[in-house]
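Have the sequence and the model open side by side, and let's take a slow walk through a few spots.

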Amino acid sequence: MLIRRLEALEKKVETLEKENASLKERLAKYENPKNSRNSSIPPSKDENRPAKNQSLRTPSGKKPGGQKGREGKTLEMKAFPDVVIELQPDYCNNCGASLQDRLSIKGNSRQVVDIPPIKAVYTEYQRFSKICKCGCQNTADFPQRVNAPVSYGENIEALIAYFHARQHLPFARMKETFNNIFGVNISEGGIHYLLNKFGQKTTPVYEIIKQRVQQSYVVGTDETGVKVNGKKHWFWTWQTSKLTFITHSNNRGSETINREFPLGFPQSTLVHDGWKAQLKTTSQNHQSCLAHLQRALNYLDQRYPNDNWGKDFKNLLSRSLKLKDKLELQNREHQLERTSIIQNLDYLLERPPERKNKELYTFYKRMCREKQYLFTFLFLDDVPSDNNASERAIRNVKVKQKISGQFKTEKAAQNFAKIRSVIDTTIKSGLNVLESLNLLAKIHLDLQTD
């Protein structure tokens with residue numbers, strides 16, 4: 001009887017120990033929550049601002065603000081002003097005598113920069129007929145773009161695209177801007193129509209951007225969620241240092257990649273954050289984003305402070321980043337350091353963390369799968385160690401949604417993706433965005449929206 005009772009107590013103790021371990025695991029997640037500094041969670045979702053000592057940035061030793069020796073910039077006078085107003089003294093301030101016949105001596109000048117009142121220009125096209133001596137009546141044709149009694153010009157069309165995809169104005173505020181500033185009465189429906197029209201005009205340039213991205217040496221990619229008519233959709237980007245291609249999709253899987261790039265990127269190194277669909281994409285090389293991994297390790301270090309595996313792996317990543325800053329592929333010392341980093345990686349992966357530290361062990365298994373993608377940037381020039389450029393390219397979608405709300409239709413979402421691709425590529429080329437959109441608005445004038 002006593003033995004049975006002891007066995008029952010042992011089973012109960014074992015059950016309680018398992019429950020206790022499970023509760024500790026759950027409690028640890030609340031004590032060490034994920035935030036924007038120790039994970040990929042965006043700052044907007046931080047419940048409280050995370051501690052500053054979790055930043056991935058290391059101190060530079062420089063004081064805040066402008067540095068000594070930098071070239072300052074200030075408002076400069078224009079060599080040939082548009083308007084010149086001469087200020088001549090008419091009489092003497094001492095005796096009151098007239099100075100009309102006295103010689104003027106020019107002193108210093110000052111300039112005021114201002115914008116004149118903005119007013120819409122209405123251009124009327126009047127069509128005339130002439131009768132030939134043979135008796136045939138000939139009537140002049142309207143220009144191709146003048147196809148309605150009253151229509152909006154290309155400058156308005158380009159400006160709407162600029163306000164929509166560059167400044168992220170909602171339709172209601174855009175309507176107010178055109179009415180109050182430009183004196184142009186336009187409805188939200190009219191704005192939608194012109195955006196559809198402009199979206200069609202971007203198609204040839206958009207396709208060229210896509211083709212050139214696929215042929216690039218290094219391609220970064222990322223994706224982010226967005227609301228379209230109340231449903232969760234996705235925006236994807238594939239970008240380079242000179243090009244940005246963005247597209248809308250209703251899924252986050254390989255289906256989108258296969259639709260846009262069915263051949264993958266056979267000539268490229270693909271830089272990404274380790275998302276499964278990206279890992280499966282065909283490419284010559286892959287590079288996982290080390291910034292994402294460092295943030296994850298910040299969190300894991302807080303969750304499991306007594307397990308040194310995460311700390312050692314984090315230090316290994318830091319070593320690789322420091323080496324990249326001074327790396328010369330032909331330098332023997334740097335080659336030895338690179339070899340040492342690869343050997344340390346093998347050493348860590350052969351000695352996993354404790355299985356009871358579940359999230360850390362899950363991270364370890366992921367590193368085993370991505371082992372060959374961690375340090376590609378140490379072997380190839382111009383390959384970055386992080387995916388920050390792709391995050392910047394896709395961030396505008398989130399800004400647009402925060403300011404303007406969700407997209408009402410899939411077509412509207414894709415229009416934004418196309419226009420934004422052109423704008424980002426223009427910015428990377430060092431060109432004026434509005435001037436480029438104006439030029440684009442003038443082409444393919446025969447295109448019509450649905």
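Predicted model: local features only at pLDDT ≥ 70, side-chain atom pairs only at ≥ 80, totals over all residues.

Let's begin with the charged side chains. How many salt bridges does the count come to? It comes to 15, and we'll stop at a few of them.

Take Glu-260 and Arg-259 to start with. Their side chains meet in a salt bridge, with N and O 2.8 Å apart. Is Glu-260 buried or exposed? It's buried, because its relative accessibility of 11% falls under the 20% cut-off. Arg-259 counts as partly exposed, at 44% relative accessibility.

Now move along to Lys-371, which forms a salt bridge with Asp-346, the closest N and O atoms being 2.8 Å apart. What does this pair tie together? Lys-371 sits in the loop between helix H11 (358-369) and helix H12 (388-404), while Asp-346 belongs to helix H10 (residues 332-350), so the bridge ties together parts that are 25 residues apart in sequence. As for accessibility, Lys-371 is partly exposed, with a relative accessible area of 37%. Asp-346 is partly exposed too, with 24%.

Next comes a pair within a helix. Asp-424 forms a salt bridge with Arg-420, and their closest N and O atoms are 2.7 Å apart. Both residues lie in helix H13 (residues 410-428), four residues apart, which is about one turn of the helix.

Why can we call S6 largely enclosed by the rest of the structure? Because six of its eight residues are buried.

Which strands is S6 joined to? One of them is strand S3 (residues 218-228), which runs parallel to S6 and is joined to it by three bridges. If you want to find a contact point here, look at Val-219, whose bridge partner in S6 is Leu-270. Another is strand S7 (residues 283-288), also running parallel to S6, with five bridges joining the two. To spot this pairing in the model, find Phe-265 and its bridge partner in S7, Ser-283.

Notes. Residues numbered from 1 in each chain as written. Heavy atoms only, no water. Salt bridge = Lys/Arg side-chain N within 4 Å of Asp/Glu carboxyl O. Buried < 20%, exposed > 50% of the residue type's maximum accessible area, 1.4 Å probe, protein only. Pairing = 2+ DSSP bridges.
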